[in-house]
Amino acid sequence: MKIAIYPGSFDPVTLGHLNIIKRASKAFDKVIVCVMVNSRKTGMFSPEERLDFLRRSIQMDNVEVDTYSGLVSDYAKIKNAQVLVKGLRAVSDFEAEVQMAMVNSQLNKELDTVFLPCSPKYSYLSSTVVKELARYNANLEDVLPREIIEDIKLRMEERRGVCDDKS
Ligand SMILES: Nc1ncnc2c1ncn2[C@@H]1O[C@H](COP(=O)(O)OP(=O)(O)OP(=O)(O)O)[C@@H](O)[C@H]1O
Ligand SMILES: [Mg+2]
């Protein structure tokens, strides 16, 4: 069985991520979307919130979601996964991703990285861009899975309230 891991922060999942997840689910028997928890990068949403957004956005039967706080190469060993999936938006993603792929294959000789070119429709999209749009109440239909739009707006509104109170 070909098992692939799609790692990332997913803070939150965007339509760009979902496009990669759908395509990977057709190419592999099982895909595990893994929210990588990084103690130096806390992000806007908690790992549990990010998992919840992912679960509500994903409809494919062969896709699972999980969270892990160590090295992705170790996580792949635990899950018996042979492949890491990465989405490439621009040449700027390429350099760092190729370096990461080399590091990961050094750490886990059974592990290879497969790059999927992003859909041109989503080439400008990142979680950072989505959060910026949400902050200014822009229309989110073209950037976020529809199942989570209202919830993200609500949570960002709450957080804005908290930040404003502090200042
Ligand atoms: N629009 C997109 N199309 C295709 N792949 C994407 C897109 N956005 C991100 N990816 C890929 O998804 C994976 C996870 O990326 P990550 O969690 O850093 O998301 P991000 O959208 O870049 O968020 P951030 O703004 O926080 O960096 C990476 O392999 C990244 O290249
Ligand atoms: Mg990124």
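I take buried as under 20% relative accessible area, exposed as over 50%, and partly exposed as in between (1.4 Å probe, protein chains only). The model is predicted; local features need pLDDT of at least 70, side-chain atom pairs count only at pLDDT 80 or more, and totals for chains, interfaces and linings use all residues. Residues are numbered from 1 along each chain as its sequence is written, and side-chain values use heavy atoms, with hydrogens and water left out.

**Entry: salt bridges**

I counted a side-chain nitrogen of Lys or Arg within 4 Å of a carboxyl oxygen of Asp or Glu as a salt bridge. The count comes to 15.

I looked up Glu49 and found a salt bridge to Arg155, with the closest N and O atoms 2.7 Å apart. Glu49 lies in helix H2 and Arg155 in helix H6 (residues 149–166), so the pair ties together parts 106 residues apart in sequence. Helices here are DSSP runs (H or I, at least four residues) and strands likewise (E, at least two), numbered from the N terminus. Both Glu49 and Arg155 are buried.

Next I checked Asp151, which forms a salt bridge with Arg56 at 2.9 Å between the closest N and O atoms. This pair also links H6 and H2, 95 residues apart. Asp151 is buried at 17%; Arg56 is partly exposed at 28%. Salt bridges with shared partners join Glu49, Asp52, Arg56, Asp151, Arg155 and Arg159 into one network.

Last, I noted Glu64 and Lys30, whose side chains meet in a salt bridge (3.3 Å, N to O). Glu64 sits in strand E3 (residues 63–68) and Lys30 in strand E2, 34 residues apart. Glu64 is partly exposed at 35% relative accessibility, and Lys30 is partly exposed at 22%.

Technical notes: Chains are lettered from A and ligands numbered from 1 in the order in which they are written.
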